[in-house]
Every structure is written in structure tokens, then in C-alpha cells.
Amino acid sequence: MKVALFTLNGSWSHTSLALRCLRRPLERAGFSVELLEYSLRDRTSHVLEQLYRAHADVYSFSCYIWNLTSMLELAQSLRQILPDAKIVLGGPEVSFGEERFATLPYVDAVICGEGEEALPELCQAFLDGAPYARVVHAATANVMTDEGILYRKDDARASILYYESSRGCPFRCAYCLSSLTQGVRFKSVAQTLSDLRAFEELEGSGSIIKFVDRTFNADVGRANAIWRALLDPSYTKRYHFEICASLLNEESFEILAQFPKGKIQLEIGLQSTNEETLRASSRHIDPHAVIAAVRRIHEMGNIHVHLDLIAGLPYESYTRFARSFDDAYGSCDLLQLGFLKLLHGTELRRRQEEYGYRCLPNPPYTVLASKWMSYEEMTRLSHIAETLERVVESGRFSHALYLLRAHVESPFAFFEGLTDYFKMVDPRPLQKISQPDVFRYFLQYAKEAVPSLPEEELVRMLALDFSIHEHKNPPSFLRLEIN
């Protein structure tokens, strides 16, 4: 029997670790396995043709909030051209609220939870013609697998490869599916380092190894041991970790300070500095201690630090969110403005009516309004997020923004005003405005909004940013100002 493991990734640079987690158990059970991995940017007709040409007996669809709509469309189409093939849905998006999928006429079964054991057992039932449950609630394993890395030479060419050294999360954040797992399972330090060494042996493999662990440093001693070992220059990749800043100890800071620039990337969730919001979200942290830890790492100058905020959380108004932004801005390399999503199975989803939440009815279930923030205010934040993506996250204005920092009392107010200015001077969507025009509008707005800013120095910094990131001479309005 042939099993096709299929998903749509967010972009071509991504690979699916989930498919690779399932491949080896299926092969050990005696099934022929083919990975079918495409991007949301691929044409639906092309993807459907490739699914058809696989001529598999079972198609296992790995579903997430970003791909569910397209995955269901493809499953429905596949049923029409391969009516005898079995179609199984799995992944986080179908593991909660599974009743939405169990009765779909083109779906044979839904696996809720971990699929490494459940999918081979289900495929065996298909092969034997034995009875099977349309909804399979998979048992959670007690220990982490020692499978090693899950990539092979023929599927490790992407720039980002994923690795799982632990599964589960010690925290119970009310908006996150990881809050529904019980306990955390870890690979040993020795096993983890052996696996990371194996990535070195994959010729042409990705330059970034992204740990998918929900909280890499949940066991701080284990995390420190792994980080210390990675100081060895024989580990040549870049490594991305999602961590809890509150768990860092002095040894952690001492080790992190020793890494060569660019070898380590850290992603840290702050979400809000409003203590009432954090309590309602079941986030038991001191937000100002987190910011202090993030700032300490950022000031080392060798580690890229990404800090997250979430708009739409309970008890946080538009004005209070602006304060959270101002509290955190400047403490990290990248301050990411995200938006709350009411995921099925989470505590905030269950309290939707109590909190007055209105959200998109289909994935990604983004919150549109709440008791504390109107639709108009959420929309305004989404426009500010677009400005941040173009101006801050792109890194193309880094020198100018550094200069501005000392002259701007409220960074949020600055970017709010810049967003309004873009809309006033140019009716086009921000992503369609040319880079020279964005530089021009930025200069015009900053001169008006921040009169204390030394104009000549601002122009010099913008010219430097343009030259570095656009790989060409600055436009005339910058060159003329300099001269």
C-alpha cells in the first residue's frame, strides 16, 4: 500500500517537519511513502495534478490555519478524480473542533493529536479492510523519539530546516494550542547535539536550523548545556530558538554573550505589558523583567532578538496596546506586531462571548473586535503593522530609525502618524509604493513630526540606508540634501 504525505507550506523556503515525522514510522510498518510538499503560491491545478499522479492508496493531509481552506478544496477535488483513495486529515487545525471535518463526505478519517503511531495503525486497518474510527484521538507518547534528524539528502535543500528537541510546553497561555498538551518531553543533550552534527553532514542543507520547541529553555540546565556545546565552531549553521526570557539565568547570559555574531537567533513572546491582560491570558510573567532580559541580550550585539506583541488580548484597549508597544520598542532587533487568533480548543475561544470577541469565521480566525477594542481600532492597528513591516521589519531604515529613537517620545505615535501620512500622500496600498517614494515620504513626515531631529543627519542616515539595502546610489532628493 502506498501512502502520500501531503501539505502546503507557507512559502517555498519552508519545509514540513510534520511530514517527515510521519514518514519513518510508516516505512517501518511496511508502507511505501511519498512526500508531496508544495507552497500556497503553487497553482491549485498543478498541485492537484501531482496528487493524482502519485496514485496513492492513502492521502494524509497535514492541516494548519494558514492552509486549511486550500487543503479542503484539494481534498474535495481529489475525491472526484480518485474516488477509491482514502483521504485522512491531521494536524493542529483539525485536532480540535474535529466535528467540523468528521462528516465531510470526501474525508475518510480525522486524526486528532500526534500521528506517528495513529497513522500507521489507521493505514493498516485500511489495508486489512478492518473497521476504523472516523475520528481517531491519538494517544500521546511518554517520551521523545530518538529518530535523529528527519531530513534526507534529497529533501534538505531549503534555506530553513526544522528540528524538534522537545515536545509540549510548560505554560498554559489561553490563546495557544500548546496549552492543551500535558507535560514536556525532551531529547537528551547528547542526542540533540548528535542530531545537530548530522545536519552538518547533509551536503547543501539549509543554513538555518529552526527549533520548533515551544519553549526551548523550559529546562534551563539542558538549554545551557546545548548552547555551550554550540559554541564549538564545528557547528556551522545558524540556530533559531523560541525561548522564555524569564527562565534565563546568569549562566545563560554568559554563554549567549560568547556566540559569534549571527550564529544564534532568539524569538521571545512578550505579548503585552498590561498585567491584567497577562493574567487573563494565563501568562505568569513580569513583563518588565522580560524586557530587561531582552534588552540585555540585544545590547550584547551578537544575537538577533525577535520580540512578539499580540493585539486583541483581553483587557487591552487601543491606548493600552500603544503603551505596551512603547514599553518594548528599542529593546530588541525586531518588535513583531501580531493579532490574536481564536483557535479552536483554546481558553479564549471558549470565552469568546464573555469577552465580546468577533473574529473571522474561517481560518485564521483573526479577532476583528472585542469589548476593549473596536473593529475600527483593530483595522487601524493592521495598517500600522503594514508600516512596521515595510519600514522596521525590512531592516531597510535601520540607521534612520536608530537616529530617531532619541528624539521620539512615543514610537507608537510616530508609526501611527507615519501610517496616516502614507495614506494621505499616496492612495496606493503600501506594498505597491516604490522604495524611493517610501524613503521620500519617510523623510517628509519625520521632518514635520520630529522638529528636534537634525535634518542633515537624518538625510545622511537615509542615504546610507538606501545605498546599503537598495545597492544603488540614493535618489536625487537625498543626494541634493547631502551636498
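Is His55 buried, partly exposed or exposed, and what is its relative accessible area? His55 is partly exposed, at a relative accessible area of 47%. Buried means under 20% relative accessible area, exposed over 50%, and partly exposed in between (1.4 Å probe, protein chains only).

This is a predicted model: local features need pLDDT of at least 70, side-chain atom pairs count only at pLDDT 80 or more, and totals for chains, interfaces and linings use all residues. Residues are numbered from 1 along each chain as its sequence is written, and side-chain values use heavy atoms, with hydrogens and water left out.

**View 1. The whole protein.** The protein holds 18 helices and 16 strands. Both are DSSP runs numbered from the N terminus (helices H or I, at least four residues; strands E, at least two). The radius of gyration is 24 Å, close to the 23 Å from the globule rule for 483 residues, so the protein is as compact as a globular protein of that length. That radius is taken over C-alpha atoms, and the rule is 2.2 Å times the number of residues to the power 0.38. The C-alpha trace spans about 80 × 50 × 45 Å along its principal axes. Of the 483 residues, 54% count as buried.

**View 2. Helix H15 and its neighbours.** H15 covers residues 411-425, 15 residues in total. From first C-alpha to last it reaches 21 Å, close to the 21 Å expected at 1.5 Å a residue. The expected span is 1.5 Å times one less than the number of residues. Buried residues of H15 include Phe412, Phe414, Phe415, Leu418, Tyr421 and Phe422. Glu416 is also among them. The buried residues of H15 pack against helices H11 (318-328), H13 (375-393), H14 (398-405) and H16 (435-449).

**View 3. The loop at His55.** His55 lies between helix H2 (44-54) and strand S3 (58-62). Its phi is near 45 degrees, a positive value in a residue other than glycine. Most residues other than glycine have a negative phi, and most peptide bonds are trans.

**View 4. The loop at Ser282.** Ser282 sits in the loop between helix H9 (275-280) and helix H10 (287-300). Phi is positive here too, about 60 degrees, although Ser282 is not a glycine. Ser282 counts as partly exposed, at 25% relative accessibility.

**View 5. The cis bond at Pro363 and Pro364.** A cis peptide bond joins Pro363 and Pro364. Omega is about 15 degrees. Pro364 belongs to the loop between strand S15 (358-359) and strand S16 (367-369).

Note on methods. Contact = heavy atoms within 4.5 Å.
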